[in-house]
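Dear colleague,

Please find below the structure that I am handing over to you, followed by an account of what was found in it. I would be grateful if you could read the account with the model open.

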Amino acid sequence: MYKLPKNYYLIYGEDPGALNFLVPLLLEFDRLGRNYLLLCDGKFAFNYFEKHFLNPNKFNEKELENIVQRPELVILGTSENKDSNGFKITNWARKFNIDSLAIIDFSGASEYRFRGHSNNPLEFAPKFIFVPDQYCLSKYIDLGFPKSKIFIVGHPLKDFKFNQSKEEVRRKLFNNYLKNKKVVVFASELSSGLNPRDFIRT
């Protein structure tokens, strides 16, 4: 059974991109003394949270339904997984009229993030959405999500990492070896290069 603190937020993390958003937020909650119950799915998410000295709990639908002491807020970090347990949490929050918000780390897969197996891209959408930038906001407005319930908040990890000038980054990475030369950077997400078992619920 979940150990519930007083006056807490219920937080669910699943997608690696969303975890990068959630971890700095949770560390700030710890600093401020904000109580929360942290749930997650998959070995990767569990290990990633533990690596940052957080205390995740494996999602359990039965335990969720048995929660009597309701959270003040539900925060979700998911992606386009059609079978995400985050959808069960969203429906649970709706059932008990609990405010919910989703952390969106970037604009990709916006039409699939809350769709599940339905034809409605907002079938499992929360009450509020936090997005990193204006472009991401426009994607959800185009899908029909109310603009008044979308908030641009930046990205805590990216804002911390990239708050440097182009010249500073070049100097730190290449130490003037490539001065006055063009640099081409390839960035990709090679899922086939990862261990699938790390992302399978057990």
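Aspartate 41 has a relative accessibility of 7% and therefore counts as buried, since the cut-off for that class is under 20%. Please note that the model is a predicted one. Aspartate 41 is placed in the loop that lies between β2 and α2. Two polar contacts of its side chain may be listed. One joins the side chain of aspartate 41 to that of tyrosine 12, at 2.5 Å. Another joins the side chain of aspartate 41 to that of asparagine 85, at 2.8 Å.

The bridge partner of tyrosine 12 in β2 is leucine 39, and β1 and β2 pair in the parallel sense over five bridges. Strand β1 is mostly covered, with five of its five residues buried. In general, side chains in a regular strand alternate between the two faces of the sheet. In β1 both faces are covered: Tyr9, Ile11 and Gly13 are buried on one side, and Leu10 and Tyr12 are buried on the other.

The sheet as a whole may be described next. It is an open sheet of seven strands with parallel pairing, in the order β3-β2-β1-β4-β5-β6-β7. Its edge strands, each pairing on one side only, are β3 (57-58) and β7 (150-152). Helix α2, residues 43-51, packs on this sheet and touches β1 (9-13), β2 (36-40) and β3. The direction of α2 makes about 140° with that of β2.

Further along the sheet, β4 (residues 73-77) and β5 (residues 100-103) pair in the parallel sense over three bridges. Isoleucine 75 stands opposite leucine 101 in β5. Strand β5 also has both faces covered: Ser100 and Ala102 are buried on one side, as are Leu101 and Ile103 on the other. Helix α4, residues 86-95, lies across β1, β2, β4 and β5 and runs at about 160° to β4.

The remaining findings concern empty space. Rolling a probe the size of a water molecule over the atoms shows where such space is left. How many cavities of 30 Å³ or more does a search of the whole structure find? The search finds one. The largest cavity has a volume of about 40 Å³. Its lining consists of Leu76, Thr78, Gly86, Phe87, Thr90, Phe114 and Phe124. Helix α4 gives the most to this lining, with three residues.

Which element gives the most to the lining of the second largest pocket? The answer is β2, with three residues. The residues that line this pocket are Lys3, Pro5, Asp30, Tyr36, Leu37, Leu38, Phe53, Leu54, Asn55, Pro56 and Asn57.

With kind regards

Technical notes:
Residues numbered from 1 in each chain as written. Predicted model: local features only at pLDDT ≥ 70, side-chain atom pairs only at ≥ 80, totals over all residues. Heavy atoms only, no water. Pairing = 2+ DSSP bridges. Helix = DSSP H or I, 4+ residues; strand = E, 2+ residues; numbered from the N terminus. Contact = heavy atoms within 4.5 Å. Axes fitted to C-alpha atoms, helices over the stretch in contact; angles between N-to-C directions. Buried < 20%, exposed > 50% of the residue type's maximum accessible area, 1.4 Å probe, protein only. Polar contact = N/O pair within 3.5 Å; in protein donor to acceptor, adjacent residues only side chain to side chain. 1 Å grid on protein atoms, 1.4 Å probe; cavity = no way out; pocket = protein on both sides within 12 Å on 5 of 7 lines; lining within 4 Å. Points joined across faces, edges and corners; volume = space filled by probe spheres on them.
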